[in-house]
Amino acid sequence: VEKSVTNWLFKNDRDNFQSYLKEAETFIEGQYQNDPLGICLLKPSTSPSKYTYMINFQTMTQTNVQTKKQRPIRRKVVDTAQAQWLWENAFGELEPYSESTSKALEKAKNTKQRHVHVETGSAVSYTCDLSRMIQTHAITGVVSKISRVVVSKKRPPFSERLRGRSAGSDYLRVSVRGDAVDVKA
């Protein structure tokens, strides 16, 4: 089971960090693993661009070999075990996906998949649209919101805290109103 995903990003013309395409990310990560202080060339065969870029891991920059334009780059390692995925029930409360489904959704997000097919233990299936953050029931077509919560490593997994063992202090109730998430003990 994959525990982390590495994303490579470059600063675009709008001053935001943007992910490289998956093929380019795979190439760059392979070069980085071989020499984390080295330099590699990202050629048009590994990039949709017609340009060749020099990637410098020591300065964390990308330089267009033809135009000499330089951009900052970042390497981001995402721990897939740190995110809990939830779906909104008919009462507007968030319910946790199973650990295996949550990990599958996280992996899909980190590999830039837009749609994920999810099957529950009760043989009900859904299609999750990660760009719109919704799930659609395969038979009824009912649409529900989905959410992603990043969990601290120091605390128990979010799904365990959500389930709780009693209606006492270790039970959390999560509800959504518009864009606000309300968590109550």
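This is a predicted model: local features need pLDDT of at least 70, side-chain atom pairs count only at pLDDT 80 or more; totals for chains, interfaces and linings use all residues.

Residues are numbered from 1 along each chain as its sequence is written, and side-chain values use heavy atoms, with hydrogens and water left out.

**Around Q62**

- You will find Q62 in strand β5 (helices, H or I with at least four residues, and strands, E with at least two, are DSSP runs numbered from the N terminus).
- Q62 is buried, at 4% relative accessible area (buried means under 20%, exposed over 50%, and partly exposed in between, using a 1.4 Å probe and protein chains only).
- Among the residues that Q62 touches, leaving aside those up to four places away in sequence, are F10, Y53, K69 and R71 (contact means heavy atoms within 4.5 Å).
- From C-alpha to C-alpha, Q62 and C40 are 9.7 Å apart in space, and in sequence they are 22 residues apart.

- The structure has nine salt bridges (a side-chain nitrogen of Lys or Arg within 4 Å of a carboxyl oxygen of Asp or Glu).
- One of them pairs D13 with K69, with 3.5 Å between the closest N and O atoms.
- D13 lies in the loop between β1 (4-11) and β2 (17-19), and K69 in the loop between β5 (61-64) and β6 (70-79), so this pair ties together parts that are 56 residues apart in sequence.
- D13 is exposed at 63% relative accessible area, whereas K69 is partly exposed at 44%.

**Bridges within helices**

- In helix α1 (residues 22-34), K22 and E25 sit three residues apart, about one turn of the helix, and their salt bridge has its closest N and O atoms 3.9 Å apart.
- K22 is partly exposed at 36%, but E25 is buried at 2%.
- K103 and E99 form a salt bridge with closest N and O atoms 3.2 Å apart; both lie in helix α2 (residues 99-110), four residues apart, about one turn of the helix.
- E99 is exposed at 52%, while K103 is partly exposed at 29%.

- Salt bridges with shared partners join D13, K69 and R71 into one network.
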